Amino acid sequence: MTMDAQPQTTQRLDQEARDIMIRNDRGGYSVPTHGLYPYQWNWDSAFAAIGYAAFDMDRAWIELETLMAAQWHDGMVPHIVFHEVDPGYFPGPDIWGGVGPVPSTGISQPPVAASMALRLWDNDPEMGAERFLPMFDGFVRWHRWFMDWRLHDGAVCITHPWESGRDNTPDWDGAMANLIPRDLGEYQRRDTGHVDASMRPHKSDYDRYLTLVAIGHEARWEQGALHASWPFRVADPTMTFILLRAHRDLAELGRRLGRDVSEIESWIPILEAGAETLWNPELKTYDVRDTLSGEWSCCVSNASFLCWWAGIDRAEMLPHLRRVNRAVRFGVPSHDPESPAFEAKRYWRGPVWAMLNMLIAEGLDEFGYDDGALLRQNTARMIEENGFAEYFDPITGAPAGGQNFTWTAAIWLDWASPRAREENRWAG
Ligand code: 2M8
């Protein structure tokens, strides 16, 4: 772990991060990066909002408002909003057949948005009530949609690897192997035209991703019809911990607005109990469980360490965190470096993701562990040395995936930059 950067370095990187955000701004929404991801992604936007908050508060709120404007009639807020069709990304709106008010995908993504909205309000006490009030009911309906359609024994499930945001993590290798892909004929991926194939999921993964999309599209994404027969349903710590925290934060937002938050508060103990069903007693970690086969994944991932963010401090987790971080130069690796499935550069099978580091570190801060401050410094150093990549090789720090990435820039501006730590009351 290292000392904070020199002030000139900080200033230069703050400017670079702002420039990236401005370049990725498409007017009302941000793309994660030019080329590879030309649309609005749900959790990317939530992180983008806190990045904008460092220099343009109005633009920060607009990011969330645009996202919520894509909310479906049933309450779901989609994982991608296809504002303008771009042939550079596959699968696009025609393949998804979303039925919302704006072309979109038919699944959601980790609901960090309420937590980021609370952060915006803290940063903007004068306008917080005015900007959040019109969105409050939409947020409640979205959170309720998860409670209605995604619970298994109180833990939150994903119905597509893309729903968790951790697309190709080894956590669902077992569930993916059990999913029989359809014969999809020829299709052309676009991601490997932007980024080296060694950093991306395999074709066998894409066959399954697209099979699930085809099933949902055929059923017009009607949850009642899909629920019983859906062939991929995995209880996931990412979703469970992030939604649990988001319920707490949404309840706080509702209280500030003088709204009745009893329904939101009633969801909290359900997810607290659900989180404990993700405790793998043999591995002694929070783990993924395939609800169809009942099998554990037996993986320690960066999502396992979101427990503190959710308000849960389990004694066994800190030694795991220290162990995986000792094995790499830059923590937190997305998969256990001691596992044979670990791949340092392949997307969610090993690389470090700055925005998950922020959530993990802030959870640690809240429980008074120094590990949070150390992780912030370590993440700052990773970005100083390697730029604003989509993700990073944890062993060397080498930038991987897309470059000039919105969420890495946003995380720098809001949290990792030494300036942010001084300015923001939440920073450790
Ligand atoms: C990645 O996922 C998309 C599909 O949603 C893709 O690979 O095409 C993931 O890292 C996801 O978490 C992220 O939101 C998205 C955009 O940054 O890219």
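The following legends describe views of a predicted protein model.

**Figure 1. Overall fold of the predicted model.** The protein contains 18 helices and 10 strands. Along the principal axes, its C-alpha atoms fill a box of roughly 55 × 50 × 45 Å. A compact globule of 428 residues would have a radius of gyration near 22 Å, and the value of 20 Å for the protein therefore agrees with such a form.

Figure 2. Of the 428 residues, 63% are buried. Among contacts with a separation of 6 or more, 71% are between residues 24 or more positions apart.

**Figure 3. Surface and charged side chains.** The protein exposes about 15300 Å², of which carbon and sulfur atoms supply 50%. Its charged side chains comprise 39 positive and 62 negative ones. The centres of these two sets lie 2 Å apart.

Figure 4. Strands of a sheet pair through backbone hydrogen bonds, in either a parallel or an antiparallel manner. In this open sheet the pairing is antiparallel, and the strand order is E3-E4-E5-E8. Strand E3 (151–152) and strand E8 (289–290) form the edges, each pairing on one side only.

**Figure 5. Close-up of the pairing between E5 and E8.** Strand E5, residues 234–235, runs antiparallel to E8 and is joined to E8 by two bridges. Ala235 has Arg289 in E8 as its bridge partner.

Terms used
Residues are numbered from 1 along each chain as its sequence is written. This is a predicted model: local features need pLDDT of at least 70, side-chain atom pairs count only at pLDDT 80 or more; totals for chains, interfaces and linings use all residues. Side-chain values use heavy atoms; hydrogens and water are left out. Helices (H or I, at least four residues) and strands (E, at least two) are DSSP runs, numbered from the N terminus. The radius of gyration is taken over C-alpha atoms; the globule rule is 2.2 Å times the number of residues to the power 0.38. Buried means under 20% relative accessible area, exposed over 50%, partly exposed in between (1.4 Å probe, protein chains only). Contact means heavy atoms within 4.5 Å. Accessible areas come from the Shrake-Rupley method with a 1.4 Å probe; for residues, only the protein chains shown count as cover. Lys and Arg count as positive and Asp and Glu as negative; His and the chain ends are not counted. The place of a charge is taken as NZ of Lys, CZ of Arg, CG of Asp or CD of Glu. Two strands pair if DSSP finds at least two bridges between them.
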